[in-house]
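Have the model open while you read.

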Amino acid sequence: MNDENVKVLSEKYSDLFIKHYYKDRLMPFWFECGDGWYNLVDCLLADIKNHVDNKKQSLDYKKERGETVTDEEYEAIKVTIVQIKEKYGGLRFYTYGSDDYVRGMIDMAESISYRVCEACGNPGTLLSKGWWRTLCDPCRADDARKKEEWEKNYHESLKKVKETNNG
């Protein structure tokens with residue numbers, strides 16, 4: 001995901017991420033997926049934050065009414081996102097502290113990702129030949145063109161290295 005999208009999501013949902021230094025500033029890890037999944041990730045993070053906030057409000061309300069609420073109960077509702085990435089053509093979302101409800105939301109988003117182009121966000125399909133990717137047809141053609149260009153440059157570089165070593 002590009003830096004601007006990472007920054008927006010990092011700031012919007014800062015309380016959900018493990019922090020570390022990235023490019024000389026404190027941020028969550030960089031997202032290891034394409035920008036096409038931005039809306040899917042944004043919606044999932046919003047739903048997780050909403051769920052956690054509602055559970056916290058419920059505990060706060062119990063406390064206000066005079067009921068006993070322990071630190072462990074507050075700790076139990078924390079959800080920390082530790083990694084968001086692409087794996088085998090689909091979204092993967094790794095957390096600490098998620099409950100069944102959050103895991104269900106994550107499962108749904110991961111399932112939806114197999115129908116959304118990781119590059120542009122349009123409807124896509126999973127191609128499981130070689131590197132598994134979920135892409136739309138135009139992005140798949142662009143991806144193939146970039147691969148051919150990379151391979152051509154790689155072989156030209158190898159040829160130059162051999163010529164330099166032999167010359």
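How many residues lie between S3 and S4 in their hairpin, and which residue in the turn has a positive phi?

1. Two residues separate the strands of that hairpin, and Tyr88 is the turn residue with a positive phi, about 50°. Bear in mind that this is a predicted model.

2. On the pairing itself: S3 covers residues 80–87 and S4 covers residues 90–96, and the two run antiparallel with seven bridges joining them.

3. Next, helix H2, residues 38–64. Its 27 residues should span 39 Å at 1.5 Å a residue, and the end C-alpha atoms are 38 Å apart, so the length agrees with expectation. Just past H2, Gly66 adopts a positive phi of about 95°.

4. Which residues of H2 are buried? They are Tyr38, Leu40, Val41, Asp42, Leu44, Leu45, Ile48, His51, Val52 and Leu59. As a reminder, an α-helix has 3.6 residues a turn, so residues three or four places apart point the same way. The cover over the buried residues of H2 includes helix H1 (3–12), helix H3 (71–76), S3, S4 and helix H4 (100–113).

5. How do H2 and H4 cross? Their axes come within 10 Å, at an angle of roughly 170°. An angle over 145 degrees counts as roughly antiparallel, so H2 is roughly antiparallel to H4. H2 brings Leu40, Leu44, Asp47, Ile48 and His51 to the contact, while H4 brings Tyr101, Val102, Met105, Ile106, Ala109, Ile112 and Ser113. Sorted by class, that makes nine nonpolar, two polar and one charged residues. Leu40, Leu44, Ile48 and His51 of H2 are both buried and part of this contact.

6. Last, helix H5, residues 137–166, which contains Lys159. Is Lys159 buried or exposed? Its relative accessibility is 54%, and over 50% is the cut-off, so Lys159 counts as exposed. Between the C-alpha atoms of Lys159 and Thr68 there are 73 Å, with the two residues 91 apart along the chain.

Terms used: Residues are numbered from 1 along each chain as its sequence is written. This is a predicted model: local features need pLDDT of at least 70, side-chain atom pairs count only at pLDDT 80 or more; totals for chains, interfaces and linings use all residues. Side-chain values use heavy atoms; hydrogens and water are left out. Two strands pair if DSSP finds at least two bridges between them. Helices (H or I, at least four residues) and strands (E, at least two) are DSSP runs, numbered from the N terminus. The expected span of a helix is 1.5 Å times one less than its number of residues. Buried means under 20% relative accessible area, exposed over 50%, partly exposed in between (1.4 Å probe, protein chains only). Contact means heavy atoms within 4.5 Å. Axes are lines fitted to C-alpha atoms, for helices over the stretch in contact, and angles run from 0 to 180 degrees between N-to-C directions. Angles under 35 degrees count as roughly parallel, over 145 as roughly antiparallel, 65 to 115 as roughly perpendicular and the rest as oblique. Ala, Val, Leu, Ile, Met, Phe, Trp, Tyr, Cys and Pro count as nonpolar, Asp, Glu, Lys and Arg as charged, and the others, Gly among them, as polar.
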